[in-house]
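Visitor: I'd like to learn how to read the pairing of strands in a fold like this one. Can we walk through it together?

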Amino acid sequence: MTKPANNDEKSAITVRDALTDDLARIIALDSQISGIDKPEYWRESLRRFGSRQEERHFLVAEKDHHIVGFIVGEIRAWEFGTPPGGWVFSLTVDPDTRLGGVATIMFNTICQRFRQAGIKKVHTMIDRDNITVMAFFRSQGMMAGSTIPLEMNLSDFATEPGDIS
Amino acid sequence: MKLQRSSRLALYSVLELASRPDEQLSASDIAAKFNISLNHLAKVLRDLGRARLVEAVRGAGGGYRFCGNIRRTTLKDVVEIFEPITLHDAGGFEPGDSTEFGASLAVVLGEIDDIALATLDSITLETMLKLTRRIQKQAVTS
């Protein structure tokens, strides 16, 4: 079993803004975790979130000069009727470094960026089958928010949503 | 959502023991803190022992101690020892289940179950102890 990281191991991890040169590693890491290659998606994400701006953050974690994780988030105002808040919508850690404190350091860094921008609340959304990541966010203190995600299969409705005749 | 009494006693017990990893607590210590029946608690501790979450230390100064992994053990792991987590169909077939409304109701209740299950499965004992400390801190500062 992998041992939880001690403080020395955590201090060997650094977090910085992602650079264009990081793209290949980001794509490979995501592909390793999700099983789906999404090069265009990550190229566009890095373009939109990678140039350090006050409201958008694309951060990578490095250990021994090797990228071992990344986190992406931004400040969104009045999203779903909520006041301006930080949203984390991607968090990936190299499976070989899990329980090494990588996700915690990245999450703390992005939360600090949000705080510096005057934000008081951070949100995320997660598939309820993704227990590993949900357990991580809960371990950081996140609780169920006031919004409930809803969805429907458009193919289930031949005509208009709500028309069940 | 309401948990059965055994599940609640079990959660209180493992949390109390996990929060004091260097100590052994007697069943009467735990029963007194939570104002619960010693007999009932003894049965719960026995089941927790079978599940290898607590162990009894014999001899003078003996008692119970938590022997699981607080970073891995979830609320679901504990509750499941005492009751089925999926609530809506736990009681078997109910009158009306096979009707059109019964089928629709099953979909809605299943949605509630899925959320409850994900919640219990994603909260570890370590997270609960952190939450407890945070709530205590907020109570002191407010």
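This is a predicted model: local features need pLDDT of at least 70, side-chain atom pairs count only at pLDDT 80 or more; totals for chains, interfaces and linings use all residues.

Visitor: Which residue in β2(A) is the bridge partner of A:Ile13?

Guide: That's A:Lys63.

Visitor: In what order do the strands of the sheet come?

Guide: Chain A has five of them in an open sheet, ordered β1-β2-β3-β4-β5, with mixed pairing. At the edges sit β1 (13-17) and β5 (122-124) of chain A, each of which pairs on one side only. If you ignore direction, neighbouring strands of this sheet are turned by 30 degrees against each other on average.

Visitor: And which strands does helix α4 of chain A lie across?

Guide: Helix α4 (residues 102-116) lies across β1, β2, β3 (66-76), β4 (85-93) and β5 of chain A. Against β3(A), the helix runs at about 30 degrees.

Visitor: Let's zoom out. How many helices and strands are there in chain A?

Guide: Five helices and five strands. Along the sequence, chain A reads α-β-α-α-β-β-β-α-β-α.

Visitor: What share of the contacts in chain A with a separation of 6 or more comes from residues 24 or more positions apart?

Guide: That share is 60%.

Visitor: Last one: what percentage of chain A is buried?

Guide: Of the 165 residues in chain A, 28% are buried. For that label, a residue needs 20 or more other C-beta atoms within 10 Å of its own.

Key: Residues are numbered from 1 along each chain as its sequence is written. Chains are lettered from A and ligands numbered from 1 in the order in which they are written. Two strands pair if DSSP finds at least two bridges between them. Helices (H or I, at least four residues) and strands (E, at least two) are DSSP runs, numbered from the N terminus. Axes are lines fitted to C-alpha atoms, for helices over the stretch in contact, and angles run from 0 to 180 degrees between N-to-C directions. Two residues are in contact if their C-beta atoms, placed from the backbone, lie within 7 Å. A residue is buried if 20 or more other C-beta atoms lie within 10 Å of its own, exposed if 12 or fewer, and partly exposed in between; C-beta atoms are placed from the backbone.
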